Amino acid sequence: MVSCRGFNREDKETTMELMKGDKIEVFRRSKDEAWEPYMDDFIGLHGFVTDPDTVINDPDALIEVSLQGRGTHRLPQDCLKVLV
Amino acid sequence: MAEKTCPVRKTIVYLSEQIRSGEITDPRARRIAEQILLLTEEIAEGSAGLDHLSAIDTLLEDYLSRPAANRALGDTLKKRISEHREVFFSHIESRNCPSHDCGKLAPSPCQMACPAGIDVPTYLALIAKGCHAEAIEVIRRDNPLPWVCGLICTRPCEMMCVRARIDTPISIKFLKAFAAERAMSERAYRNPDKKEPNGKRVCVVGAGPGGLSAAYYLALMGYQVRVIEALPVSGGMLMVGIPRYRLPREVIDREVAMIEDLGVQFSYNTRFGVDVTVEELKKEGVDAFFIAIGAHKAWELGIRGEKEFSKVLEAVAFLKGVALGEHHAPGRHVVVVGGGNVAIDAARTSLRLGAEKVTIAYRRSRSQMPADTDEVEQAEEEGIEFSFLTIPTQITGENGIITGLGCVKAELVKKKDSDRLAPVPIEGQEFTIKADAVISAIGQYVDDTGMEAFDKMNWSRRGTIEVNHASMETAMPGVFAAGDAVSGPATVIEAIGGGKRAAAAIDRYLNHIPQPRMPRIPVRHTIEPPVEMAASRKMSLKSPQMPMLNMDRRRTTFQQVELGYDEKSVRQEAGRCLRCDICRRCGKCVEICRDKMGIDALQLGYLDFDTPSATDFRATAEKCITCGACAANCENKALVIEEKEGQRRLKLCGTLLNSQAILYCERCNAILPSVEYLQFIAKKTGHVSKITEKRLLCNDCQRKMGARINGVLPRV
């Protein structure tokens, strides 16, 4: 286990695995500190995962998603769900 | 433009025209006009904050106080904003344009997907016409490194490409590389004109993609930029993290040289905080700092034996050594631990340096590998072996020499309350992979050495610099950051986008202009006319295959592996673009044709994002009557009906969906609808228009003839 600035990489677990190309919905506001107020505008939007955590499939990593009509942003995973 | 046009949109069009016309000759006045335009564009796109309108008022006062300013422009703007103030406020508060005028230049999905916001359809249209230098000019509005990105971008644009809903996405990345190479070869790859020096200085820490991007845009805005770089070369991870067989050094050097040509000063072998301090830079007159130090520190494997052998290497350090001149194989039997692109790069580099066998050990399955699938395939072709579901446990050896990597087989198990599959060791399934060198590639983090002087800057719990993503501004005034230092290890294009955003934010900060509420939505400036093509050709064109270097050279040299498309393939591929910048896929055309007209000639299943169905442009000609109902209701003029060379033609973004002969009234020679349309009307109107069954007559002549036939005079 490795850590950086007191952050333990295995501290958190989200419920879903997100892969490149997955179609997703921003279904709720994230509780993560990386959530900024303007991201409230994204709730309900659909898009694609364009760059998941590139190395270790870390459930806590911020991942890059492209949202329809709103551009590409890095979001915490706990606000995303995969659309089938 | 009609009077009904949204006043915000009207202001943008007016200001853009005035700035383009060159009538604002006073440099300061021109700059103010550009700042007003920027703020108005943000109001239009919904990213403005509440202080935007008051900032425009202040700028306008400033503009009108300039003796050399064009007064008519200032007065027009002031009048318009005063008359329509509530409409401007409504855009800011509702983030919506009631008349939808502000969405007419809405970016396409590929442009939206690009973290740098490159106007993809415009440059593809230019490439399709062979206008490579113009295409590069369009790309460099948002990305100063088109050649680099054309070779190594992770291409989120292609992920969102609407053409993929029909067959395969456009090869946007390779087309960009072709255009850059051709423009460079033709000596037509040029820097835009930069503004007059404004006397302000910005220090950029780090010459990676984020730093280069910020330096470029700041230099264009007239800032004096000094880039501090610890390495002896520019490019950051581009140069020392990406191997030369993917990205030749000359490509980076040529694009960096273009940035140097703008007057950007590079200080190499200079460690920030050690060789040069914030205090010294402030004494030099630096007004703002931009930090783009990347994420160069490698995570450790955390297994037994890791510290005992000199041949346990970190992938980033290994790749950096090779990039800077080290050309010895790390070992004969190399094992790389990890599943990302860095692991693939380390493995393929080891192979090229002469390793006999290279194995990538990854703890999850192939489908979960985060590395680019093309890179994985190419590695396999070259002979790299993969050991999936493999968890390293210890490095074994004797007398300082590694003999193997001890591993245990894993299975993927769902953890409690989670759908995420986690690798769990299977007891009793231990094994050893023969190795004399082990390279760890399990990720990197930000090295904060030298950042102590920025003591008011906050760091996230992930060890990254905290910024407001709308402005890339840290908690410390005048200090901005972007790239991997903010996002953690991420993509080159994301760093480039962040650098561009930070440059704009630094300019606003130093000119006391409010920052946007959210990151700006990409901006489009023009609509390039679409390439005309028959529906059958649009459907049948396929993406070309990438020619590759021969296998022996791939296994032994660092020559570029992907050799690039030829010009014919490039033009054809660019021609496959559906021009989603023109057609916004509202689906109104399909609904009208199917539900209102009852014809159902438009088989355009790709219009639906969530549930796309079959698309066939060729099918339109079978049923279409060229009535024009679809075109008449297309707000963006994506669908048009035109009459040309005796044919009435229906086109969707340049794709010819249907073409029918134009008919003429046999009495007065007036243009008539097509036979199919007349038959359609005849069926609908039945007895009323029986006369048209045998004769070609316009409405007027029909009425006259009908009256005569029925023995009554025509009504006047």
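## Helices and a sheet in chain B

In chain B, the axes of helix α1 (residues 7–21) and helix α4 (residues 71–83) come within 11 Å and cross at roughly 170°. Here axes are lines fitted to C-alpha atoms, for helices over the stretch in contact, and angles run from 0 to 180 degrees between N-to-C directions. That crossing makes α1(B) roughly antiparallel to α4(B) (the label applies to angles over 145 degrees). Helices are DSSP runs of H or I with at least four residues, strands are E runs of at least two, and both are numbered from the N terminus.

This is a predicted model, in which local features need pLDDT of at least 70, side-chain atom pairs count only at pLDDT 80 or more, and totals for chains, interfaces and linings use all residues. Residues are numbered from 1 along each chain as its sequence is written, with chains lettered from A and ligands numbered from 1 in the order in which they are written.

Now to the sheet: it is open, with 3 strands in the order β10-β11-β12 (chain B) and antiparallel pairing. Strands pair if DSSP finds at least two bridges between them. The twist averages 20° from one strand to the next.

| Strand of chain B | Residues | Pairing |
|---|---|---|
| β10 | 390–398 | edge, one side only |
| β12 | 421–434 | edge, one side only |

Strand β11 (residues 401–414) of chain B joins β12(B) over 10 antiparallel bridges, and B:Gly406 has B:Thr432 of β12(B) as its bridge partner.

Finally, just after helix α11 (residues 172–185) of chain B, B:Arg187 takes a positive phi of about 60°.

Notes:
Angles under 35 degrees count as roughly parallel, over 145 as roughly antiparallel, 65 to 115 as roughly perpendicular and the rest as oblique. The expected span of a helix is 1.5 Å times one less than its number of residues.
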